[in-house]
Each structure stands twice: as C-alpha cells, then as structure tokens.
Protein chains: 2
Amino acid sequence: MKQSQMFIPTMKETPADAESVSHRLLLRGGFIRQNAAGVYSYLPLGYKIIKKIETIIREEMDGIGSQELLMPAMQPAELWHETGRWDVYGPELMRLKDRHGRYFALGATGEELITSLIRDYLNSYKKLPMSLYQIQTKFRDEKRPRFGLLRGREFIMKDAYTFHDSAESLDKSYWEMYHAYCRIFERCGLKYRAVLADSGAIGGKDTHEFQALAEIGEDTIAYSDSSDYAANLEMAAVLDTDDAIKGKALPLEKVSGNQEIAQDTALTAHWFKTRTDTVVVFIKTGDEINDVKIKNVLGTDLIEPLETSNKDAIHPDKGVRVLADNALKHLAQTSVYNEAENLTYFHLDPDRDLAIERYDDLRFIKEGDPSPDGNGVIKFARGIEIGQVFKLGTKYSEAMNATYLDADGKAKPLIMGCYGIGVSRTLSAICEQYHDDEGMIWPKSLTPFTIHLITVNPKNEEQLKLSEKLYTQFSNQGYDVLWDERKERPGVKFADSELIGCPVQVIVGKKAADQIVELASRKQKERIETKVGQLSDAVTELLKTLD
Amino acid sequence: MKQSQMFIPTMKETPADAESVSHRLLLRGGFIRQNAAGVYSYLPLGYKIIKKIETIIREEMDGIGSQELLMPAMQPAELWHETGRWDVYGPELMRLKDRHGRYFALGATGEELITSLIRDYLNSYKKLPMSLYQIQTKFRDEKRPRFGLLRGREFIMKDAYTFHDSAESLDKSYWEMYHAYCRIFERCGLKYRAVLADSGAIGGKDTHEFQALAEIGEDTIAYSDSSDYAANLEMAAVLDTDDAIKGKALPLEKVSGNQEIAQDTALTAHWFKTRTDTVVVFIKTGDEINDVKIKNVLGTDLIEPLETSNKDAIHPDKGVRVLADNALKHLAQTSVYNEAENLTYFHLDPDRDLAIERYDDLRFIKEGDPSPDGNGVIKFARGIEIGQVFKLGTKYSEAMNATYLDADGKAKPLIMGCYGIGVSRTLSAICEQYHDDEGMIWPKSLTPFTIHLITVNPKNEEQLKLSEKLYTQFSNQGYDVLWDERKERPGVKFADSELIGCPVQVIVGKKAADQIVELASRKQKERIETKVGQLSDAVTELLKTLD
C-alpha cells in the first residue's frame with residue numbers, strides 16, 4: 001500500500017491525557033483516535049491488527065468446535081429482569097428506551113441473551129454439549145475510562161458460552177477453552193500467565209484469568225519463581241506449614257495503656273459485619289487481611305469493615321465469630337492492645353487465650369512466601385486481564401428456566417460455562433510489551449505490514465524507480481508492504497516509521513543508483529547496506545531472527 | 001462439520017408473523033432468530049453467509065484502494081448538533097445518556113463521525129483523494145420493523161466515505177465505487193439493477209441505488225425493456241415528445257355544474273404549498289402527479305398538498321405559481337371542472353386559456369411509456385434497495401468546518417461522497433431470489449456449506465462407515481461439508497436439508513453396502529444413484545451446472 005493513500009494520522013507530540021504507553025503509542029502511531037471518553041475509532045492501521053487478532057481467535061475457536069454467531073447489541077430489558085441483573089448491574093450497564101418506550105440494555109455481556117436463544121432448542125441431552133462464540137462490540141459505562149483501549153466504554157470482545165449435561169462435560173470444555181486461549185495468546189506473541197482467579201459474585205466455581213504481564217496492569221499476580229504456579233494476588237493460597245514449631249507458652253500478662261510491642265509478636269484484630277454476623281479476625285500485625293478469603297471462608301458475598309474502638313476482641317460478646325489466620329496456630333507468645341479495656345496483653349497464646357472458632361488462610365500472600373505448590377518462592381508481577389474462562393454452573397439456566405431432558409426423562413437446568421477475550425484490550429497489551437521509546441515494534445504475527453519501504457527522496461528518479469521495483473518484488477513475494485513514497489522530509493518519514501513499527505525497514509536512499517539500499521529491523525535499528533540482488537535473502541534471514 | 005454439533009434450530013411450522021419469504025425461510029432454516037422487534041441474532045449458519053458477503057465486500061473495497069476502519073456505535077451528540085441533524089433526524093435516531101448525563105446517538109449513519117475524524121488530518125490537497133469504509137452494526141428505530149432483516153432496527157451495513165478537492169475527483173471515485181458495487185452484487189449472485197435515484201433532502205447531487213429485484217421490494221423500478229435504462233419510479237423522466245402534433249383549438253366553452261368529461265381530454269389541477277409559494281399544477285386526469293419532480297422543479301425540499309375546493313385554478317390569485325405537465329403542451333382541446341366557479345370548461349387550450357408559468361415533466365412514468373433513453377418501452381419491477389452511491393458535496397464539510405488547503409493556499413471545504421451497502425439486507429435479498437417452497441437454494445458463492453452429506457440411518461454400520469469416508473474425502477478436497485449424522489428420522493433429515501439449502505446433496509442410504517449413494521442438486525431435486533468411485537467427478541460436474 002502506498003503510504004500517501006493511507007489514513008495514518010501520526011502525532012509528533014505526546015497527547016497530554018494518555019497515561020499508559022499503549023494509549024500514547026496507539027494514538028501517536030495513528031492506530032486509533034478517541035471520539036469520546038473511553039470511545040475509540042480503530043483507524044486503518046489499528047483495525048488491520050484487530051482483524052489479525054480476530055482471525056487467530058476464530059481459527060482457535062473453530063478448531064475446538066465452537067460455532068460463531070452474532071447476537072445483537074440491543075438486549076431486551078425483560079431478559080435482564082429474568083436474572084435480576086437489570087437492577088443489580090448498576091450504572092455500568094448502558095440502557096436505552098426505544099420509540100415505543102421499551103427498554104433495552106446495550107450488551108455488556110451475553111449470558112442472558114444466549115440463554116434465551118438456546119433455551120427452547122437445547123432441550124435434550126442428545127444435543128449437548130454445545131459451544132457458541134461471537135466477536136462483538138460491547139458496552140460498559142465505566143466510571144473512569146482510562147488507558148485508551150485498556151478500560152474503554154465501547155470495546156471489542158470475544159465471548160463464548162458452552163452448555164452441558166454434566167460437570168465432567170463442562171470440565172472438558174473448560175480445559176479445551178483454556179488451552180485454546182493459551183494458543184491464541186501465544187500466537188499473538190504475548191507474555192502472559194493463566195492465573196487462578198476468584199469466581200466472586202458471578203456465581204460460578206472454577207475460573208482462570210489470562211493476564212498479560214505489564215507494569216501498567218491493574219491486577220497483581222503472585223507466581224512461583226520455580227514452577228508454573230500463578231494466581232491473582234487475592235487468590236494465592238498461603239501455605240499452612242502445619243509442622244511449624246510452636247514456641248513455649250508463658251503466663252498471660254496485662255499492662256495498662258497502649259504499650260510498645262515487638263513487631264514479630266504483634267497481632268491485629270479486624271472487625272467485620274456480614275449480612276448476618278459480626279466477625280473478628282486476628283492476623284499478625286504487618287500481614288495484610290484478605291477480604292476475598294474471608295468471604296469464601298464465611299460463604300458470604302458481602303463483608304463490611306466495622307469501627308473497632310469499642311469492641312473487645314479478647315472477650316467478645318456472645319455470637320461474635322472469631323477467626324484467626326493460620327500463622328497464629330504456630331505462635332505461643334503474641335501481644336495485642338485491646339482498646340476496649342485500654343490494656344496491652346503480652347504472652348498471649350491464641351489457642352489458650354482467644355475464643356477462636358477456626359484457623360484459616362485469611363491473609364494476602366507476600367513476595368518471598370513459599371509457593372503454594374511447594375516449589376520455589378512467590379514473586380509478584382502486574383498483569384492486564386485479557387481473558388477469562390469460567391464455570392458458570394446453573395445460575396443463568398435456573399433463573400431463565402433453560403432446561404433439557406436427561407436420559408432418564410427428567411428436566412434439568414443446563415450446566416454452563418462462559419469465556420471471554422478482550423480483543424481491543426489484547427491490542428493494548430501487545431503494545432505494552434512490544435515498543436521502545438520511539439514507537440511500536442510489532443510482532444510478525446500481528447504487524448499491519450511486514451516491510452516498511454521508505455523512499456528517502458521520491459523526487460529523485462533513481463530512488464523512485466528502484467523503490468517501485470522493490471515494492472512490486474516484495475508484494476509478489478507475498479509480503480504486506482507499506483511504501484512511504486510521500487514527499488516529506490526524511491526526518492518526518494523515519495519518525496513515522498518508528499511510530500508505525502513494521503518489523504523490517506528497507507530504506508532506498510542516495511546509493512539507489514548503485515543498487516544499494518539499507519536494511520534494518522525496527523527493533524535493532526542498525527542499518528546494513530545491502531545490494532539489491534541480496535535483499536530478498538537478507539529480508540528472509542532477518543525475519544527469522546524476529547519475534 | 002457434524003450436524004449434531006451445530007446449532008441449527010430449524011422450524012417445521014411457518015412462523016405466523018413472518019410476512020416475507022426471506023423472513024420465513026431464514027427463521028425456518030435456523031439462520032436467524034428474533035430477539036426483539038427488528039432485532040435479530042445471526043445463528044451459525046446465517047453468520048457464515050454474512051461473513052462470506054463481508055469477505056466479497058472487503059475484497060472489492062480493498063481492490064479500489066478504500067481502507068477499512070471501524071468507528072464506534074456511540075457517537076457524541078455534539079457532532080450531530082454541528083450538522084443540525086440531532087434535531088432533524090427524528091425518532092429513528094436512537095439516543096442514550098451516559099452516567100455523566102452526556103448524550104450519544106447510536107450510529108444510524110456515519111457522516112458526522114467520519115468528518116470529525118478526518119477534519120484535522122485531511123488538511124491539504126496533497127492528501128486527497130482519500131477513501132475509507134467500515135462494516136459495522138447500525139441502529140435505526142424504525143416505526144414498523146418488518147420483513148425480518150429487510151427492515152430491522154439493528155443491522156449490518158458497509159458504509160464508505162470519500163474526500164476530494166474537485167468534482168472530477170469525486171466523479172472518478174463515484175464511478176469506481178459504482179462498479180465495485182456491481183461486482184459485489186454480481187459475486188453474490190444477485191439479480192439487481194443500478195437505478196437513478198432522488199438525492200432528496202440529504203443534500204447531494206448524483207445518486208444511484210442498487211435494487212435487488214424481488215416482489216416483496218418496497219421500491220418500484222422503471223426500466224426499459226430494450227436497454228440498460230433503469231430509475232426509481234419517482235425519478236424516471238417522461239420523454240417530452242416535442243414534435244407531437246397539437247390538435248386544433250376551438251372556442252372555450254363554459255357549462256354550469258360538474259359535467260361529464262371524456263377521459264382523454266380531462267385535466268386535474270393539484271394545489272400545493274411550499275415554504276414560500278402557493279402552486280397549482282395541471283396534469284392530465286389519470287396521470288399521477290409526482291411530488292419529487294415538482295420539488296426538484298421548484299428547488300424546494302418541502303411541498304404540502306392544499307385543500308382545493310375554494311381555489312380557482314383558471315383565474316388564480318396573484319402570486320400563485322401555475323405549472324403544467326409537458327403533456328399539456330400538445331393538447332388544444334382539454335376540459336376541466338373548476339369547483340370555485342362551479343363551471344366545467346370545455347375546449348380549454350392550456351397555452352391560450354391558462355396562466356402557465358412553465359411546462360415540465362411533473363408526472364410519474366407509466367408502464368408502456370417510451371423509455372427516456374429512446375430505446376424501448378418502460379416496464380415496472382419491484383426492488384429491494386441493497387446499496388446506494390451518493391455525491392454528498394460539501395454539506396457536511398461546510399457544517400463541520402472540514403477544510404483543506406488547496407494548491408493556491410486557500411482553505412476550501414472537502415468535497416465528499418458517501419456509499420452504503422446493507423449487508424444483512426443483502427442476505428434477505430438473496431433469500432428472496434434463491435429459494436423454493438421447501439427452503440433455501442444457496443448460490444455457490446455464499447452457501448454456508450457446499451455439500452450436505454446425509455446419512456439416512458447412522459445406526460447402520462455400513463452407512464456410517466461410508467459416510468465417514470466420504471466426509472473425510474470431501475473435506476480433503478477442500479469442500480465445506482455439513483454431515484447430517486444425527487439419529488433422526490429420514491423425513492426430518494430431508495426436510496431440514498431442504499430448509500438449509502446446500503447446493504449439493506449426497507445421500508448415503510440402503511445401498512451403502514454396494515458403494516452406491518444418491519447425488520442430487522438442491523435445485524433440481526432429482527436423485528441420481530452414483531457409484532462412490534465416480535462421486536467426486538459427478539460432484540464436480542454437478543457444481544459446474546449450478547449458480
């Protein structure tokens with residue numbers, strides 16, 4: 001493609017409000033343009049990459065027998081009422097009223113719609129399992145859209161749904177999908193981790209998130225330095241070293257006032273309220289209390305912190321539930337200040353002196369902790385969530401009466417899985433991993449063009465003629481070539497080329513008359529003079545060395 | 001693909017509310033499902049066809065150097081205020097408010113958005129012309145959505161926009177686009193006509209509509225039985241036969257009351273109001289008055305009929321504009337009843353007796369009229385509008401201040417063209433043309449699968465084995481094969497096969513043990529026993545005979 005005919009509005013200046021590298025470089029390279037907060041256009045260069053990502057996704061989805069469909073963005077409110085999510089979803093769900101006063105949700109996710117589509121048809125175990133997916137524009141009215149495509153309000157998503165008659169069948173599809181996702185992200189050239197995640201309030205069981213590693217990521221991943229283990233920070237289990245030796249117990253000692261306590265013996269009491277209970281949780285001071293783990297232990301979807309000043313954790317009121325982190329099992333001489341009595345307790349043996357109902361893993365893991373799988377120690381990394389696989393179970397099928405007749409003739413709710421990939425977010429994640437200070441460095445599998453052919457001075461007859469010949473030659477060899485034949489200053493052309501980030505650059509300059517051009521990789525930048533006769537081989541060789 | 005794993009919810013019964021063939025058959029064949037009035041899901045079979053149409057469109061658009069991008073569905077209201085269309089567009093434009101109270105239009109068309117995207121960048125004649133397109137979901141809140149995908153509220157559209165610095169450049173792109181559209185519809189196998197259309201209130205000049213011929217079509221096309229001439233009914237010019245012999249004039253005669261008048265001499269006066277004038281238009285009684293032509297002659301975008309009873313067309317008030325259809329030029333002895341005087345005028349010579357300001361072509365053409373290009377006579381056909389090319393001019397660039405610097409250094413508004421193809425509507429148009437009473441008969445270029453392999457009784461070992469072999473063989477030959485290996489009654493399978501409409505059917509039945517199958521085309525239906533060894537050649541031959 002001739003660059004003069006393309007719409008590539010590169011920007012010299014860094015946009016002031018672009019907070020992340022990917023946001024900055026996608027804007028500066030002319031890949032996207034903002035139309036409103038969190039709402040973007042994919043310009044021709046950016047959309048070429050989006051389509052390549054979509055092609056990879058389609059190939060892998062089709063490969064595991066999932067079928068593509070396309071559901072509408074306009075979802076009747078009635079469906080969302082069936083599951084109760086019309087009221088629960090909050091302002092993130094965009095809503096609109098048609099001319100007849102009927103309400104619609106603009107699809108933020110597709111569980112209701114797909115369940116309504118299949119519920120009359122998938123009525124027999126003979127038709128199961130079934131796997132369906134779509135690549136579609138989704139809408140979520142984020143409170144604070146930011147980082148460009150990373151947290152947008154209109155974005156492209158691949159969502160898939162599977163339907164089953166047994167947990168085993170769901171498990172099989174879950175892992176097929178999991179491995180397809182691995183292949184997709186690998187083919188996109190992403191450094192990522194599949195991490196255990198919290199199924200939270202969505203009402204399912206197993207779930208993994210696919211996290212692309214990037215400093216800008218909003219999620220923290222805890223991973224082992226010696227194994228495959230990885231989990232979302234809040235999900236990473238802290239190893240309970242049952243065999244840890246407990247110190248010697250001493251008589252309990254109380255001292256008036258808030259006394260100084262040695263850091264390694266200090267406890268902190270955290271108070272919470274659930275829908276039904278008051279709970280106090282003891283952990284070692286300095287450890288970080290983990291709400292998600294407490295919720296899971298209590299089997300509740302809601303806990304709220306309580307004011308602690310007047311509450312006596314050592315002598316709690318009747319009915320107060322007392323939990324303690326596993327670490328306390330192994331401590332005999334702890335200390336705690338009890339504000340309600342204005343007393344500091346020393347030599348407190350949790351087992352002996354506290355009304356602990358149960359010990360459990362209730363804190364966040366820390367860097368340096370042993371990995372839960374027993375191999376190596378934990379390190380932290382930041383991740384961008386680019387995908388998720390999720391065992392939904394029967395939450396939606398029960399709410400929406402989507403049943404099938406089993407072999408025994410009984411109607412049962414369909415067992416469901418749901419799976420998502422953020423397509424536009426994947427583009428951002430790739431940007432975060434493939435760039436330098438000057439612009440993008442696209443991986444071969446996704447680059448909008450493989451070769452950037454740059455004619456330094458297109459007014460020069462020799463340069464123009466040679467460039468034209470090379471453009472035809474490369475095109476005939478099957479390369480996607482962007483030919484910069486614009487009458488611009490060389491400085492502008494080279495800066496644009498760095499921003500655009502094609503992996504291979506061929507520069508036709510002063511030595512064109514001698515049939516010599518310069519060859520460079522966008523990554524290494526070193527320009528090597530190459531005779532035109534050897535250029536084809538040199539490009540092949542260069543490409544072999546690139547991601 | 002094995003049919004048991006596919007989501008193809010065929011329907012035995014004809015849905016009651018499906019008014020058109022395409023609507024009925026797309027529903028019955030499991031190609032689409034309705035989610036709300038005018039809002040549909042494309043199920044796997046239907047979406048396969050949509051993607052094939054999109055691929056054809058992309059190839060032809062890319063082929064003429066148009067670049068694909070993707071703009072958002074959410075369009076800031078501010079842009080629509082700039083052109084004034086926020087207030088003008090009416091309830092068809094779906095609108096929504098975000099959580100911060102900002103208004104958005106859900107894209108019904110993209111002129112505002114594309115103009116806002118390019119206006120800062122396309123700032124020099126050196127960057128022109130430029131051609132951009134997208135394939136995107138559009139939203140229009142039709143008052144009466146109907147005929148399935150033919151008039152939906154959420155639909156897929158290809159919209160393209162070109163930008164120019166001269167009328168000649170626009171004209172060149174216009175005709176490139178026109179011919180690309182011809183190739184697209186030909187590749188889709190459509191019988192269509194490119195017809196002259198009215199540019200109406202959109203504010204442009206030249207425009208052609210692409211009309212797929214179909215009885216259900218909402219538009220009437222006037223075409224020549226002997227040439228390429230075709231136009232929308234309201235646009236078809238009536239030939240002015242200047243050399244027609246005028247009859248002999250007689251003295252004007254007035255008779256009291258509403259007297260009987262011979263049909264071939266009778267005139268009718270039609271009264272209208274424009275924004276500024278009162279107008280009376282005389283045409284021959286029996287001819288149909290054409291609002292569009294009157295608007296164009298008067299150069300106005302609005303005319304409204306007036307009550308006629310008290311108005312004297314023979315002696316109009318001062319300031320009333322009097323127009324007459326060309327036919328009246330050639331008539332010397334007409335008659336008309338003038339209600340205001342309660343007199344019938346006979347032997348009225350329009351030239352002599354009426355205050356005619358100008359004669360013009362003001363009526364609808366009729367079947368049997370001579371074709372405006374002088375070749376043959378006019379016939380009517382019904383058409384479905386599947387595409388339109390349009391010279392927009394500077395309407396949007398002026399309203400939105402999208403200017404470029406010309407070679408002479410002066411800022412001028414960009415000259416624009418816009419072009420659309422209804423992708424989902426094209427699918428419906430194909431259905432209207434490719435079906436019989438039993439279901440669809442897909443053209444080869446778009447069929448979801450080329451071969452439908454039907455195992456009559458998959459519980460029979462021989463049939464299953466042979467089918468499996470043929471499935472592998474056809475797949476290896478590059479055919480897209482749908483294999484019906486479902487444990488269903490043969491009647492169900494054959495009925496489904498007719499509904500699904502793959503062009504070639506291969507039926508593996510009782511003679512499987514003898515290595516004999518039946519081969520049929522969906523269109524001809526005749527089943528021919530074929531030896532397995534000859535099947536491959538027979539399929540190749542059969543396909544050659546099909547559309």
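Predicted model: local features only at pLDDT ≥ 70, side-chain atom pairs only at ≥ 80, totals over all residues.
Colleague: How many residues of chain B and chain A are in contact?

Modeller: 51 residues of chain B touch 51 residues of chain A.

Colleague: What area is buried between chain B and chain A?

Modeller: Interface size is often quoted as the accessible area lost when the parts come together. Here about 4,600 Å² is buried between chain B and chain A. Carbon and sulfur atoms give 62% of that area. On the chain B side, Phe7(B), Leu70(B) and Arg99(B) lose the most area to chain A. Together they make up 16% of what that side buries.

Colleague: How many salt bridges and polar contacts lie between chain B and chain A?

Modeller: Side chains of opposite charge can pair when their charged atoms come close. Four salt bridges link chain B and chain A. In one salt bridge, the side chain of Glu68(A) meets that of Lys51(B) at 2.4 Å, N to O. The side of chain B that touches chain A has 32 nonpolar, six polar and 13 charged residues.

Colleague: What rotation and shift superpose chain B on chain A?

Modeller: Two copies of a chain are related by a rotation about an axis and a shift along it. For chain B on chain A, the rotation is 180° and the shift 0.0 Å, with an RMSD of 0.1 Å. That is the relation of a two-fold axis. The same surface serves both copies, as 100% of the contact residues of chain B recur in chain A. Of the residues of chain B, Leu96(B) comes closest to the rotation axis, its C-alpha lying at 2.7 Å.

Colleague: Which parts of chain B does the pair Arg119(B) and Glu82(B) tie together?

Modeller: The side chains of Arg119(B) and Glu82(B) form a salt bridge at 2.8 Å, N to O. Arg119(B) sits in the loop between helix 5 (111–118) and strand 7 (130–139), and Glu82(B) in helix 3 (residues 77–83), so the pair joins parts 37 residues apart in sequence. Glu82(B) is partly exposed, at 33% relative accessible area.

Colleague: Are Arg85(B) and Glu112(B) buried or exposed?

Modeller: Both Arg85(B) and Glu112(B) are buried. Their side chains meet in a salt bridge at 2.7 Å, N to O. Arg85(B) belongs to helix 4 (residues 85–88) and Glu112(B) to helix 5, so this pair ties parts 27 residues apart in sequence.

Colleague: Which residues join into one network through salt bridges that share partners?

Modeller: Asp287(A), Asp325(A), Arg363(A), Lys366(A) and Asp369(A) do. Within it, Arg363(A) pairs with Asp369(A), the closest N and O atoms being 3.0 Å apart. Arg363(A) is buried at 8% relative accessibility, and Asp369(A) is buried at 12%.

Definitions and conventions. Residues numbered from 1 in each chain as written. Chains lettered and ligands numbered in written order. Heavy atoms only, no water. Contact = heavy atoms within 4.5 Å. Buried area = accessible area lost by both parts, 1.4 Å probe. Nonpolar A, V, L, I, M, F, W, Y, C, P; charged D, E, K, R; others polar. Least-squares fit on C-alpha atoms with pLDDT ≥ 70 in both. Buried < 20%, exposed > 50% of the residue type's maximum accessible area, 1.4 Å probe, protein only. Helix = DSSP H or I, 4+ residues; strand = E, 2+ residues; numbered from the N terminus.
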